[in-house]
Amino acid sequence: MPVIVAYIVGAVFAIAGTVLAFIFILPEKKRASLNKFFQVVADILNFKVLFIEKILKAFYIFLTFFCIVCGFFMLFSGEQVGAYWGTGSFKSYALQGLLLMFLGPIVIRISYELLMLAILMVQNVISINKKIPAPAKEETTAAPSAPVSPTTKMVYCTHCGTRYDALQGGCPNGCQE
């Protein structure tokens, strides 16, 4: 099978999978009817779960170990320079190894913390948004509100967000306010 056919078939299946995901997995209304596996898939596709923090953490640990191990081996390595029949000199990489072992992890840590600051800020904004209730939608056909006189006490219903006069009774929507 030619490569172009594989690309075309792959594109058709990718389009079909995308359409099916948007119809059956991604809508919030359908999340409750999904099994556990597809709920996790829905959370991943809706970006409710962020993987970047775990990926960066693994990358940070890898790079730190890499700097320490490479620096250690550089302590004992070198190369013969300008050697023809044993007349050259030996260049050691011990200083570069020490610098890599000690400064490498520090630079990596600072870079990682700067990236994590941005990620943690996004996570905090997401959690704040989840705690703040969505504002109630006001009807567009409502008449303009009358001017507030000193004999009225205008408040908002804590359940539905409707503005009403507390001196005349509870919420006009019957929210037991």
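Author: Welcome! Before we start, contact here means heavy atoms within 4.5 Å. This is a predicted model, in which local features need pLDDT of at least 70 and side-chain atom pairs count only at pLDDT 80 or more, while totals for chains, interfaces and linings use all residues. Residues are numbered from 1 along each chain as its sequence is written, and side-chain values use heavy atoms, with hydrogens and water left out.

Reader: Thanks! In what order do the elements of the protein chain run from the N terminus on?

Author: Helices (H or I, at least four residues) and strands (E, at least two) are DSSP runs, numbered from the N terminus. The protein chain has four helices and four strands. Read from the N terminus on, the order is α-α-α-β-β-α-β-β.

Reader: What percentage of the 177 residues in the protein chain is buried?

Author: A residue is buried under 20% relative accessible area, exposed over 50%, and partly exposed in between (1.4 Å probe, protein chains only). Among the 177 residues of the protein chain, the buried share is 15%.

Reader: Which residues does Gln39 touch, not counting those up to four places away in sequence?

Author: Gln39 sits in helix H2, residues 36-45. Its relative accessibility is 16%, so Gln39 counts as buried. Setting aside residues up to four places away in sequence, Gln39 touches Arg31, Ala32 and Leu34.

Reader: And what about helix H1: how far apart in space are Ala21 and Leu45, C-alpha to C-alpha?

Author: Ala21 belongs to helix H1, residues 3-24, and is buried, with a relative accessible area of 14%. Beyond its neighbours within four places in sequence, Ala21 is in contact with Leu26, Pro27 and Leu45. Ala21 and Leu45 are 24 residues apart in sequence, and their C-alpha to C-alpha distance is 8.9 Å.

Reader: How far apart are the end C-alpha atoms of helix H3?

Author: The expected span of a helix is 1.5 Å times one less than its number of residues. Helix H3 has 24 residues (52-75), so its span should be 34 Å. The model agrees: the end C-alpha atoms of helix H3 are separated by 34 Å.

Reader: Which helix is included in what covers the buried residues of H3?

Author: The buried residues of H3 are Leu56, Tyr60, Thr64, Cys67 and Gly71. What covers these residues includes helix H4 (94-131).

Reader: Do H3 and H4 run roughly parallel or roughly antiparallel?

Author: Axes are lines fitted to C-alpha atoms, for helices over the stretch in contact, and angles run from 0 to 180 degrees between N-to-C directions. H3 and H4 pack with their axes 7 Å apart, at an angle of about 175°. Angles under 35 degrees count as roughly parallel, over 145 as roughly antiparallel, 65 to 115 as roughly perpendicular and the rest as oblique. The angle therefore makes H3, relative to H4, roughly antiparallel.

Reader: How many residues in the contact of H3 with H4 are nonpolar?

Author: Ala, Val, Leu, Ile, Met, Phe, Trp, Tyr, Cys and Pro count as nonpolar, Asp, Glu, Lys and Arg as charged, and the others, Gly among them, as polar. The contact of H3 with H4 has three charged and six polar residues, and the number of nonpolar ones is 20.

Reader: What angle lies between the planes of Phe37 and Phe38?

Author: Rings of Phe, Tyr and Trp (its six-membered ring) pair if their centres lie within 6.5 Å; planes under 30 degrees apart count as stacked, over 60 as edge-to-face and the rest as tilted. This rule gives five aromatic pairs. One of them is the edge-to-face pair of Phe37 and Phe38, with 5.2 Å from centre to centre and an angle between the planes of 75°.

Reader: Are the rings of Tyr60 and Tyr112 stacked or edge-to-face?

Author: Their planes are at 25° and their centres 4.8 Å apart, so the pair of Tyr60 and Tyr112 is stacked. The pair links distant parts of the chain, 52 residues apart, with Tyr60 in helix H3 and Tyr112 in helix H4. Tyr112 is also buried, at a relative accessible area of 12%. To return to your question, the word for these rings is stacked.

Reader: Is Phe47 buried or exposed?

Author: Phe47 is found in the loop between H2 and H3. This residue has a positive phi of about 60°, although it is not a glycine. With a relative accessible area of 62%, Phe47 is exposed.
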